[in-house]
Each structure stands twice: as C-alpha cells, then as structure tokens.
Amino acid sequence: MIQNLTTEMFIQSVANAISVGSLYAMVAIGYTMVYGILRLINFAHSDIFMMSMYFVFYLITIFALPWPIAFIAAVLATGVLGIVVEAAAYRPLREAPRISVLISSIGVSYLMENFGVVVFSGIQKQFPPVPAFQSVVVIGSIYFQKLSLYMPVVTAISVVGLLYLIDKTKIGMAMRATSKDYETAKLMGININTVISTTFAIGSMLACVGAIMWGLKYPKIEPYVGIMPGLKCFIAAVIGGIGNIKGAVVGAYLLGFMEIMIVLFIPALSSYKDAFAFIMLIAILLLRPAGILGEKKADKV
Amino acid sequence: MIKVENLRVNYGSIEAVRGISFDVPDGGISTLIGANGAGKSTTLKAICGLIKPASGEILFNGESIGGKDTVAIVSKGISLVPEGRKIFADLTVLENLKIGAYLRKDSLKDDIDWVYSLFPRLEERHWQLGGTLSGGEQQMLAVGRALMSRPKLLMMDEPSLGLAPLIVSDIFSIIKEINSKGVTILLVEQNANMALKTADVGYVMETGEITLSGSGQSLLENDAVRAAYLGT
Ligand SMILES: Nc1ncnc2c1ncn2[C@@H]1O[C@H](COP(=O)(O)OP(=O)(O)OP(=O)(O)O)[C@@H](O)[C@H]1O
Ligand SMILES: [Mg+2]
C-alpha cells in the first residue's frame, strides 16, 4: 500500500484534510457555543445544518438568485431559524432541569427531519453547482478543487471574527458573563434571552457556511444529510473541549486530518472512515475527558 | 426611596420572608441585620427581582416594582452587591467594571476613575482575571462593579464578610463616602456593631420577620440587640 504513496497524493491529502477540517470547524463551533451558554448538547444543530442546505437549494433553483446572494440569504435565514428554534423549544424550559431541554432538542431534531421528508420529500436533491468553487486548478502536477483553497480562508476569517466578537465587544463580554452566571448577568442589566438568541444566531449562521462547504464538496441533499456531519462535528467539539471555541477548531482539524490520513496510509481501512471519529471520541473520553483545551474544573451549574 | 409592604417570599414550602414592611429613606444608609437564615438575602433578591414575591408590595420612588423582571428593575437605578461577591472569574478586573455599566451608553471614564480612587488596588490589577483576585480584592471589585451603573440605590449583601478587621473599617468608610455622593444605601450585615454605627436606620430580622427597628444609635443601645448580635 504505502509503496504507491506519492508526494502528490500526500499533498493532495493534506489539502483535503485542511478543507474537511475547515468545514467541521464551522459546524463544531455551533455545538460548543450553545453548550457554553446553555450547557445543552443541541441535537437540532445537525438539522439546522440540513435545513440550510435546502435554503440554498431553493434560493438558487426556485428563486433563481445568483449564488453570492443566495449564500448570504441562506446564512441569514439559518440565523433566524436558530433563533426560532431556541425561542420555541428551549426558552420556555429556562428554569426546567437540563434533561428536559435535552429531550426538547431531540424532539426538535426529529421534527425538522420529518418536516424535511414531508415538505422537501425524501428524494435526494442535487446541491446547485457553483463552478467558481468546483472548478479545478492545477499546481504543478497536483489537482485542487478551488473550494479546498477557499475553505480554510473562510474558516480562518470566521474564527478570527468570532474570537474578536467574543473577546473585544460588549455583546461578547455579555456572552462570556452569561455563560458563567445567569443571575449575576441579570444584575448587570444583561438581557440573557437576547444573549442566548445571539449565540444561536451565530452558531446557526456558521453551520450554514459549513453546510454550503459540505454541499459544494458532496453535492447531495436529503432530510437526513445533517446527521453524520453533525455527529462528527459534535465529536470534534468534545475532542477539543466542549464549551471552548478554539478547542472546537482544534478538534475539527484534528478529526479532519485523522480521517484523511488514515485512509491515505492504510487504504484498507477506507470503508471504516466514518468510524474513526467515534474511536477518537472514546479515546479522548478515556484519556482526557475534558477535551484538549477543556477546563478540568467541575461543572458548577 | 424603597418602601416594602407585607412582603412574603417562599422557596417551595419554606417561608423565608413572612410579611415584612420597612422603609429605606432617600439619601440615607439603612441596614438590615439578623442571624443566619433570617431572610436578609432573600429580601434583597426580591427587591431586585431575582425571586418573585409570593405577596406584598415593593415600591421604588412610589412605583411598584415587585415581581418585575430584574433587568427592568436594575435599569431604574437599583444595584446589588450580591452575597459571595459573584465576580466574573474569566473577565478581567476592568471588564468586570465595564460590565457593571452594561446598560449605559455614555463615557465610563469618570466612573472608572472614581472606583479606582476608592480602591487603588483595582487600578493596579486592572488587567488581572477577576477569579485570581484575593477575597478582599474581589469584594472591592464587587462594590466597584455595582457603582458603575450609577445607581440611585446601592444594596450590599454582607460586604465585610471574610475581610480582615482593618479592611472592614475601610469598607465602612467607603460606604459612607459613596453615600455622601448621594447614593442611598441598603446594607445587609453580620457585623451588627459596624453596621449600626454606620447606619441612620436599622431593622432587625429574625426568622423571616422584622422584630425591631429604629435609628442605628437606638438599636446599638437596645438590650435585646446587644445580647443577640453584639455579644455584650
Ligand atoms: N434557593 C433556596 N431554596 C430553598 N431555601 C432557601 C433558598 N435560599 C434561601 N433559602 C432559605 O431561606 C431562608 C432565608 O435565607 P437567606 O439566604 O435569605 O438568609 P440570610 O438572612 O441572608 O442568612 P445569612 O446571614 O446566613 O446569609 C433560609 O432558611 C434558607 O435556608
Ligand atoms: Mg445572606
């Protein structure tokens, strides 16, 4: 196996791993942000991802919008969807035990999947092609989809922007305060519902960016399309240390590299590719349960 | 400034506050003293909307605020230094001060300077994370943070708890200084001696009820108070 490995293949795989990691990062951040502020594993996140792919599909195929406008509109619509899901399914349970909120998120997840089957039909749709991203560039003897060059750039800009928002702005400060202590945040005059809505909007919009990347790379849409990427990105967030945004990014790239590199070096395992994430999850839970960048501190809430 | 009438607060079946009435006069320092579990913190929490009263009235400058949302109450000019300080551990000292002024849109410079002049230690450590401050420094930060909203009424829940005796007298003189700037104060204290010496009006709470009230001086001289809270 290894004797067939060429430098070209290796470089191509690295590029592929970076782009897959970039995609995972966009979705993993949403899991980690919602966990940070609500201590909730948001099962509906993978379905928000799925819905956003349909938004892009319909905006381009039915409304015939050019792709840049369709992408922006889909990102905004997904942000609104995140706010609506939070307001309808989680806000009424603010004082309820956390397990109730978790169950509610599983309910919303099933609801959206079944909504997808009924309204969009279970038949697979084709994600609209965008040649600007999908065309191939040749550098030396290596072929890249343009996409794999753009994806890390988009992720880098998004992550830097998000970290700036959280570390340097007033709403970011309110988000950090709210994630630690609702009561004291309220005493400061912070409307915690607004802060939580903002968190959902940001997480959902980033998931939409991730979904667009996914759709361009694997152009099939169906109502269950979010489940596998959702699970993997949740695992990436746990690996990095759930609740920690930088951790989610680290976990996402680590998972991307593991998946691609194991297949490159041991092609015989390629049909088990989707299982690596779960093996990594088990390994991290055994070795470092708080995740790579997670705090060891016990959960006070 | 604050008028509480027949306030009752329950936690499930526990009656923590059982129909108390008291006044916090404009511009003065009032204190609520009493043993552990008397219901002092519960009363303060009810005033700022962190707990909904079971019944009774809370009037702020004549306007009913009982049962209102905390953000609405705080934005009227009430600020609480909570029991146990509740500093945001992952925010810097300066950020903790800024978040105290969350509802304000004007310049914070004068207020930050004022807080730094009250507590020079905070200026030295403005870059440090709140969670890494000592207990006494955290208490200073909690008071400073509460001042940043420019409150009309500042409520403090045991600001002297866990402080060295020298710092305790500092805190009380700072409370007087804050009051002299026109901020009405409602002080909850275990340190009955210092509290009553500082306060214009005092109330003694026992198991959810107010059993005694009067000027700070008259309570200091009251035999029952002396026996129960001053140990003399
Ligand atoms: N969250 C809660 N749930 C149930 N009971 C509570 C809760 N908070 C307070 N209590 C009870 O209400 C009563 C009054 O408590 P509170 O905290 O107001 O007392 P306190 O006067 O502030 O006492 P301390 O001086 O010890 O701070 C106590 O019996 C306490 O056990
Ligand atoms: Mg108390």
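Biologist: Which elements of chain B each supply at least two residues of the shell around ligand 1?

Modeller: Start with the cut-off: a residue counts as near a molecule or strand if its C-beta atom, placed from the backbone, lies within 6 Å of it. Here the elements are β2 (14-24) and α1 (40-47) of chain B. Helices (H or I, at least four residues) and strands (E, at least two) are DSSP runs, numbered from the N terminus. α1(B) gives the most to this shell, with three residues.

Biologist: What should I know about the model and its labels?

Modeller: This is a predicted model: local features need pLDDT of at least 70, side-chain atom pairs count only at pLDDT 80 or more, and totals for chains, interfaces and linings use all residues. Residues are numbered from 1 along each chain as its sequence is written, while chains are lettered from A and ligands numbered from 1 in the order in which they are written.

Biologist: How many residues surround ligand 1, and which are the closest?

Modeller: The shell has 13 residues, and the closest are B:Y11, B:A16, B:N36, B:S41 and B:T42. For classes, Ala, Val, Leu, Ile, Met, Phe, Trp, Tyr, Cys and Pro count as nonpolar, Asp, Glu, Lys and Arg as charged, and the others, Gly among them, as polar. On that scheme the shell has four nonpolar, seven polar and two charged residues.

Biologist: Which residues of α1(B) are buried?

Modeller: Count neighbours. A residue is buried if 20 or more other C-beta atoms lie within 10 Å of its own, exposed if 12 or fewer, and partly exposed in between, with C-beta atoms placed from the backbone. In α1(B) the buried ones are B:K40, B:S41, B:T42, B:T43, B:L44, B:K45, B:A46 and B:I47. That is eight of eight, so the helix is largely enclosed by the rest of the structure. B:G49 follows α1(B) and has a positive phi, near 80 degrees.

Biologist: What is the strand order in the open sheet of four strands?

Modeller: Strands of a sheet pair through backbone hydrogen bonds, either parallel or antiparallel. Two strands pair if DSSP finds at least two bridges between them. In chain B the order is β2-β1-β4-β5, with antiparallel pairing. β2 and β5 (63-64) stand at the edges with a single partner strand each, so one side of each has no neighbour in the sheet.

Biologist: Over how many bridges do β1 and β4 of chain B pair?

Modeller: Five, between residues 2-11 and residues 55-60. B:V4 has B:I58 as its bridge partner, and B:E5 stands opposite B:E57.

Biologist: How many residues lie between β4(B) and β5(B) in the hairpin?

Modeller: Two, and B:N61 in the turn has a positive phi of about 50 degrees. The two strands pair in the antiparallel sense over two bridges. B:F60 stands opposite B:E63.

Biologist: How many helices and strands are there in chain B?

Modeller: There are 10 helices and 10 strands. The radius of gyration, taken over C-alpha atoms, is compared with a globule rule of 2.2 Å times the number of residues to the power 0.38. Chain B has 17 Å, close to the 17 Å from the rule for 232 residues, so it is as compact as a globular protein of that length. Buried residues make up 49% of chain B.

Biologist: How many residues of chain A are in contact with chain B?

Modeller: Contact means C-beta atoms, placed from the backbone, within 7 Å. By that test 14 residues of chain A touch 20 residues of chain B. α7(A) gives the most to the chain A side, with five residues.

Conventions: Two residues are in contact if their C-beta atoms, placed from the backbone, lie within 7 Å.
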